[in-house]
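Please look through the structure shown below, and keep it at hand while you read the paragraphs that follow it.

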Amino acid sequence: MFLINRDMKSNYHTHTLYCDGKDTPAEMAGAAFALGFSALGFSGHEWAPACRDYAMTREKEALYRQEIRALREQYAGRMEVWCGIERDYLCEPEGAFDYVIGSVHHVVKDGEEFGVDHTPEILRNGIDTVFGGDAMEMVRAYYRMEAEALRKTGGQIVGHFDLVTKFNEDGRFFDESSEEYKEAALEALHTIVKYWKQDHAGEVFGDPLPPVLAEVLNVTGLPIFEINTGAMARGYRTKPYPAHFLLQELDALGVPVLLSSDCHDRRNLLYGFEDLVKQGEILAE
């Protein structure tokens, strides 16, 4: 598998007090430097009305940019510091960032939306009231949005691709082993790859992207998917996103992947990385 940060010395998916994280950018950077990081990327949640409970306001976003610039200067020559953004499907892009993580946190039907990762109760209520109790129809709607995530957000990295499974490890909402579920997920994955090849054919990536990410995009001609341990760190799951069958498909397609802890607490900057790298059946060469 084309694992970008196998050395476990970088994390490009981190959140701070500017959105729903627990630490200041300075505290996060200090912890990363102490761990011997070569690069740290910040990726605050971008503003959207649907994301107001956890996203940065536009005012906070300006302060976020300013502080990240200061940290970049502070660590110059010792650790790369990057100013990225996590942009939800429902965001209206505003401003340029070093890189963009394109994510889907909500599902929409007929103008009604609800978060798939907020609480099990919100998910259950949404399935019942918006989708008439049909959980698999909700899944299909989620993956239709996921298929468009990078196009909609202008992202280079697919964030927690199968986030819809956050509260479903016990199968309480839908059967992840069913062909119906796998078909919806795999179709979205293939569509992302197809769209990327169409939209970026012949494109050469460079500034302001972090060089290691630009090089991977240029060499492979494919988008980057993250292996995200965030739900594990917060006690919701025992396995990362994406699921094993999806990782196998990414491997078969040669799609590059990036270890990410979706860090909201500086203590979890490398959460689960070492164990995952040791599990050859997940991250085989």
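Asp110 has a relative accessibility of 72% and therefore counts as exposed, where exposed means over 50% relative accessible area, buried means under 20%, and partly exposed lies in between (with a 1.4 Å probe, protein chains only). The model is a predicted one, in which local features need pLDDT of at least 70 and side-chain atom pairs count only at pLDDT 80 or more, while totals for chains, interfaces and linings use all residues. Residues are numbered from 1 along each chain as its sequence is written, and side-chain values use heavy atoms, with hydrogens and water left out.

Asp110 lies in the loop between β5 and β6, where the names of helices (H or I, at least four residues) and strands (E, at least two) stand for DSSP runs numbered from the N terminus. Strand β5 (residues 106-109) and strand β6 (residues 112-115) run antiparallel and are joined by 4 bridges; two strands are said to pair if DSSP finds at least two bridges between them. Within this pairing Lys109 stands opposite Glu112 of β6, and the hairpin has 2 residues between its strands. Asp110 has a positive phi of about 50°, although it is not a glycine.

An open sheet is formed by 7 strands in the order β1-β2-β3-β4-β7-β8-β9, and the pairing is parallel. Its edge strands are β1 (10-11) and β9 (257-260), each of which pairs on one side only. Strand β7 (residues 157-158) pairs with strand β8 (residues 224-228) in the parallel sense over 2 bridges, and there Val158 stands opposite Phe225 of β8. Between β8 and β9, which also run parallel, there are 4 bridges, and Glu226 has Leu258 of β9 as its bridge partner.

Ser260 counts as buried because its relative accessibility is 1%. Leaving aside neighbours within four places in sequence, Ser260 is in contact (heavy atoms within 4.5 Å) with Asn11, His13, Glu226, Ile227, Asn228, Thr229 and Phe273. Asp262 is buried, with a relative accessible area of 5%.

The helices can be followed next. Two packed helices are described by the angle between their axes and the distance between the axes. Here axes are lines fitted to C-alpha atoms, for helices over the stretch in contact, and angles run from 0 to 180 degrees between N-to-C directions. Helix α6 (residues 179-199) packs with helix α9 (residues 244-253) at an angle of about 30°, with the axes 11 Å apart. That makes α6 roughly parallel to α9, since angles under 35 degrees count as roughly parallel, over 145 as roughly antiparallel, 65 to 115 as roughly perpendicular and the rest as oblique. Among the residues that make this contact are Leu186 and Leu189 of α6 and Phe245 and Leu250 of α9.

Helix α9 has Phe245, Leu246, Leu247 and Leu250 as its buried residues, and what covers them includes α6, β8 and β9. After α9 comes Gly254, whose phi is positive, near 75°.

Helix α6 also packs with helix α4 (residues 135-147), at an angle of about 10° and with the axes 8 Å apart, and α4 and α6 are therefore roughly parallel to each other.

The bond from Asp207 to Pro208 is cis, with omega near 5°, and Pro208 is found in the loop between α6 and α7. The bond from Tyr241 to Pro242 is likewise cis, with omega near -10°, and Pro242 is found in the loop between α8 (230-233) and α9.
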